[in-house]
Structures are given as C-alpha cells and as structure tokens.
Amino acid sequence: MTPRSPVPLHLADLPLEERHQLLTDLGEPSYRAKQVSAHYFARLCDEPAAMTDLPATRRSDIGAALLPNLLHQVREVGCDAGRTHKTLWRLHDGVLVESVLMAYPDRVTVCVSSQAGCAMACPFCATGQAGLQRNLSTAEIVDQVVASARHARDGVLGGESRRLSNVVFMGMGEPLANYPRTVAAVRRITDPPPLGLGVSQRSVTVSTVGLVPRIRQLAREGLAVTLAVSLHAPDDGLRDELVPVNQRWKVAEVLDAAWGYAEQTGRRVSIEYAMIRAVNDQPWRADLLASLLRGHLAHVNLIPLNPTPGSRWDASEPAVMEEFVRRLRSGGISVTVRDTRGQEIAGACGQLAASG
Ligand code: SAH
C-alpha cells in the first residue's frame, strides 16, 4: 500500500476547547478561536484576509493553521431550472467527492459525501462499484456543508439568496462505516455558532445500509437526527443481493435496531426503498414490507431507481409504483415518492463523482 499523507487539520475537526489549544500553540490568545470560528460558521467566511478583527500580520498564519483549503472546486453544474446545484470537489490527495444542493419552497437541502467511494458494494449503486478509496475527515464533511451554505446564500439556486436548512448524509459513502468522523461532523453541523453551524438536529438525516452495532451506538449519542435505513427489500433472500451487508445483519435485526433508535430519540425512521423493475416491486413485497413496519415509527421513502451506466436494472413502471404505494398506504404505512433531482447532471443517488 502506498503511504497516504494525512488530511490537514482544520478547525471544524475540533470542538471549541481544542481550537483554543491550537491558537495557544501559535502564540495567539485563545479567544481568537472564537473569532475565527464565528467567521467560519456564522459568516461562512474562510478567507483570513477578510478577518479584520485579527491582527493583519497574523492573519495568514492563523488561516494556515485553522482553515487549510480542504475542498478544491473542480466543477459545478446546475439543473432543474436552477433548483439543483452539484459541486465536484478534489481533496488534498486528489480524491474526488461531490455534494448536491437542492432547493424546495420550504427548505434547502445539501446531500454530502462521508467517504470517497464505498465498501458496501450494493450492485445498483454507482459508488458501490468502485470500492472504498478512503474515509473523509470530519472537516472534509463539514466543509461541504459550509461551502454549500455559502453557495445557497450567494444565489446559486436560481439567483435568489437562500438559507441552508437541511443536511442529508446520502452522498458517496456509508456514514456509519466512518462513524467517529460522521458523529463529530453532525455535532459541528448542529452545534450553535461559533461552536458549529447551527442546523437543527431534526433537519439532519444519516442514511445507512444497516450497520446494526453502529445504529445502536448512534441511538446513545443524544442526537435527535433522523435515521434513514436503506432497506430496498423486505426479505433476506433478495436483500442479501441488493444490500450485501445483509448477509451479516438480517432484515429483522436491522429493523429491530431501527425501532430501538426510534424509541430512544422519538424520531420517525425513514425506510429507503429504491424501486427496481421486476426485482423488488411486486405487490407481495409491498404487503410484506407493510406488515414489517406496521405499528412502528416509520415512514417509507420510495426512490425510482436511477439506472447506473451499463446496469441491468431499471426503474419500476409508474403503474407498478402506484400499486406499491397503494398497498403500503392501505397497510397503514406513510409513504412518499422521492422526486428524482439531478438526473441530467448525474447528480442522482450513487452517481456522485462516478463520472468525475
Ligand atoms: N450508504 C448510505 C448512504 C448513501 S446512498 C446508504 O446506503 O444509505 C443514499 C441512498 O441512495 C441509499 O438509500 C441508496 O441505497 C440509494 N441509492 C444508491 N444508488 C441508487 C440508485 N442508482 N437509484 C436509486 N437509489 C440509489
């Protein structure tokens, strides 16, 4: 294996107390940690030259120590009439990741990557095909959110200045396989400024293939974030194929951990289900899914499959999808069908950076 240079340390990697230490080490008063943090998290500014409350002669040293440039923008592209904006980033070691900003009437959501690549190998997902390159650092995750908040403020979403309100860990990677950095990133994203960005915990969603021990651990973190479980099949036979980690943790165990999470946090769990034509969209699977979820704090999010290049799979027929929805609803389950943003820019789920 080739040795890898570590990701530069950034203030978003650390809780505020540890940022104080970094400044003391530089020979600066520790209160500067708060000043720089306020620039970064409250004003979304990462240019030391613009931080006029710092001594002019010290700005570049302080900037180099606390705000190294982690994300280099390679490309950005908008679609859906300016309501979707995708950015491709190159990290310090050349690895590529993407984030996607989506505007809705009532909210602005950014979809972030937690890893470069992914080891989970789900066969319908573009990221899963290439394997894992590496975990992202806490700050590499947080900076995607800060940069996106800045983009939204500066009008990339159709020219209007918008405030970022929601964060979903549904970009590249399996967030719970990068557990400590994901949890630290969630804290930085949700802590109030200058500790963090101040996004409401309820507006953050962490999506997982179903790493059962990590779901149970997340339930004990005292975070009220939404958990999304990528189920995609209600039966182990098919799920073993669609989400290979199911060979380790079965549907019943994953759902049991999800209900534990719902109980602990009071938050409804989102069950993600990609609708794949003639693979997982049969009426009997809708009925089985409804029976598994009935009586639990759950909501189903159906996603028409976004076929990856060369895939043998396709999205379900609209009529089949309607019947699936009807059966879930008549089984007492709340369901939404996700709109498929970003298709024309390969910004749909699992396609991030695959075409980089
Ligand atoms: N690893 C995490 C988060 C990243 S993927 C997880 O699996 O939950 C975010 C969601 O997009 C997951 O539900 C994933 O299964 C889904 N997805 C991936 N590729 C897709 C595709 N081609 N079409 C539709 N949904 C897809």
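Which residue of β4 is the bridge partner of L101? In this predicted model, the bridge partner of L101 in β4 is V110.

Strand β3 spans residues 96–103. Seven of its eight residues are buried, and the strand is thus described as mostly covered. Strand β4, residues 108–111, runs antiparallel to β3 and is joined to it by four bridges. The two strands β3 and β4 form a hairpin, with four residues between them.

Strand β3 also pairs with β2, which covers residues 84–90. Seven bridges join β2 and β3, and these strands are likewise antiparallel. Within this pairing, T84 has M102 of β3 as its bridge partner. The hairpin of β2 and β3 has five residues between the strands, and G94 takes a positive phi near 95° there.

Helix α6 comprises twelve residues, 179–190. The distance from its first C-alpha to its last is 16 Å, close to the 16 Å expected at 1.5 Å a residue. Because nine of the twelve residues are buried, α6 is largely enclosed by the rest of the structure. The buried residues of α6 are Y179, T182, V183, A184, A185, V186, R188, I189 and T190.

Several elements contribute to the covering of these buried residues. Among the helices that cover them are α1 (16–25), α2 (32–42), α5 (138–153) and α7 (212–219). Strands are also included in the cover, among them β7 (166–169) and β8 (204–208).

Terms used: Residues are numbered from 1 along each chain as its sequence is written. This is a predicted model: local features need pLDDT of at least 70, side-chain atom pairs count only at pLDDT 80 or more; totals for chains, interfaces and linings use all residues. Side-chain values use heavy atoms; hydrogens and water are left out. The expected span of a helix is 1.5 Å times one less than its number of residues. Buried means under 20% relative accessible area, exposed over 50%, partly exposed in between (1.4 Å probe, protein chains only). Contact means heavy atoms within 4.5 Å. Two strands pair if DSSP finds at least two bridges between them.
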